[in-house]
Amino acid sequence: IMVTISPWISFNGNAEEAFTFYQSVFGGAFSRLVRFKDMAGPGFAVAEHEAHKVMHIELPVGTSSLMGNDVPESMGRTNEHEHRSKIAIRAGSKAEADHLFQGLSEGGQVEVPMTDSPWGSYFGMFRDKYGIEWMLEFDPKQ
């Protein structure tokens with residue numbers, strides 16, 4: 001059995017916009033896009049203004065996927081400035097690391113620019129324009 005771990009990101013109504021941005025950097029096509037209206041029915045009422053919001057979106061990246069959703073207003077807002085989670089990416093080359101870092105950090109806040117780290121890898125860290133925190137690394141030893 002090969003285990004993969006896929007990050008899941010929650011948004012306050014702009015999941016599709018954010019995932020379209022991520023798709024512009026990673027490439028590929030969404031493998032799943034389900035809106036709340038698609039799941040509406042007896043026992044699962046959907047407010048008219050939330051019908052087009054995303055219940056599940058999935059973008060394959062490498063051997064795993066980046067997944068997410070919009071949080072229904074009835075569940076409250078998701079904290080767009082939390083500091084508990086980061087999405088870590090291991091790039092296959094220094095050039096790929098630079099490309100992903102430049103693309104994903106566009107419009108965001110760079111915390112650590114891509115640089116040679118004390119532990120021997122090429123590393124950078126940032127918060128993207130949607131408030132999601134990322135760490136990007138290329139380790140020539142792996």
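Trainee: Where is the place of S105?
Mentor: S105 is in the loop between α3 (94-104) and β6 (109-116). Keep in mind that this is a predicted model.

Trainee: Is S105 buried or exposed?
Mentor: S105 counts as buried, because its relative accessibility is 11% and the cut-off for buried is under 20%.

Trainee: And which backbone oxygen lies 2.6 Å from a polar atom of its side chain?
Mentor: That's the backbone oxygen of F101.

Trainee: What is S105 in contact with, leaving aside neighbours within four places in sequence?
Mentor: L100, V110 and F126. F126 also belongs to an aromatic cluster, and so does F101.

Trainee: OK, rings then. How many aromatic pairs does the structure hold?
Mentor: There are 12 aromatic pairs. Take F11 and Y130: their ring centres are 6.4 Å apart and the planes sit at 85°, so that pair is edge-to-face.

Trainee: Where do those two sit in the chain?
Mentor: F11 is in strand β1 (residues 8-11), while Y130 is in the loop between β7 (122-127) and β8 (133-138).

Trainee: Buried or exposed, F11 and Y130?
Mentor: F11 is buried at 3% relative accessible area, and Y130 counts as buried at 12%.

Trainee: What about F26 and W134, how are their rings arranged?
Mentor: Their centres are 6.2 Å apart with the planes at 40°, so F26 and W134 make a tilted pair. This pair also links distant parts of the chain, with F26 in helix α1 (residues 15-26) and W134 in strand β8, 108 residues apart. W134 is buried, with a relative accessible area of 1%, whereas F26 is partly exposed at 22%.

Trainee: Which residues form that one aromatic cluster you brought up?
Mentor: F11, F19, F21, Y22, F26, F101, F126, Y130 and W134.

Trainee: Switching to charges: which ring does the charged end of K129 sit over?
Mentor: The ring of F21, at 4.2 Å from its centre. Elsewhere, K94 lies over the face of Y122, 4.6 Å from the ring centre.

Methods: Residues are numbered from 1 along each chain as its sequence is written. This is a predicted model: local features need pLDDT of at least 70, side-chain atom pairs count only at pLDDT 80 or more; totals for chains, interfaces and linings use all residues. Side-chain values use heavy atoms; hydrogens and water are left out. Rings of Phe, Tyr and Trp (its six-membered ring) pair if their centres lie within 6.5 Å; planes under 30 degrees apart count as stacked, over 60 as edge-to-face and the rest as tilted. Helices (H or I, at least four residues) and strands (E, at least two) are DSSP runs, numbered from the N terminus. Buried means under 20% relative accessible area, exposed over 50%, partly exposed in between (1.4 Å probe, protein chains only). A charge sits over a ring if NZ of Lys or CZ of Arg is within 6 Å of the ring centre and within 35 degrees of the ring normal. A polar contact is a pair of N or O atoms within 3.5 Å; within protein, one must be able to donate a hydrogen and the other to accept it, and residues adjacent in sequence count only if both atoms are side-chain atoms. Contact means heavy atoms within 4.5 Å.
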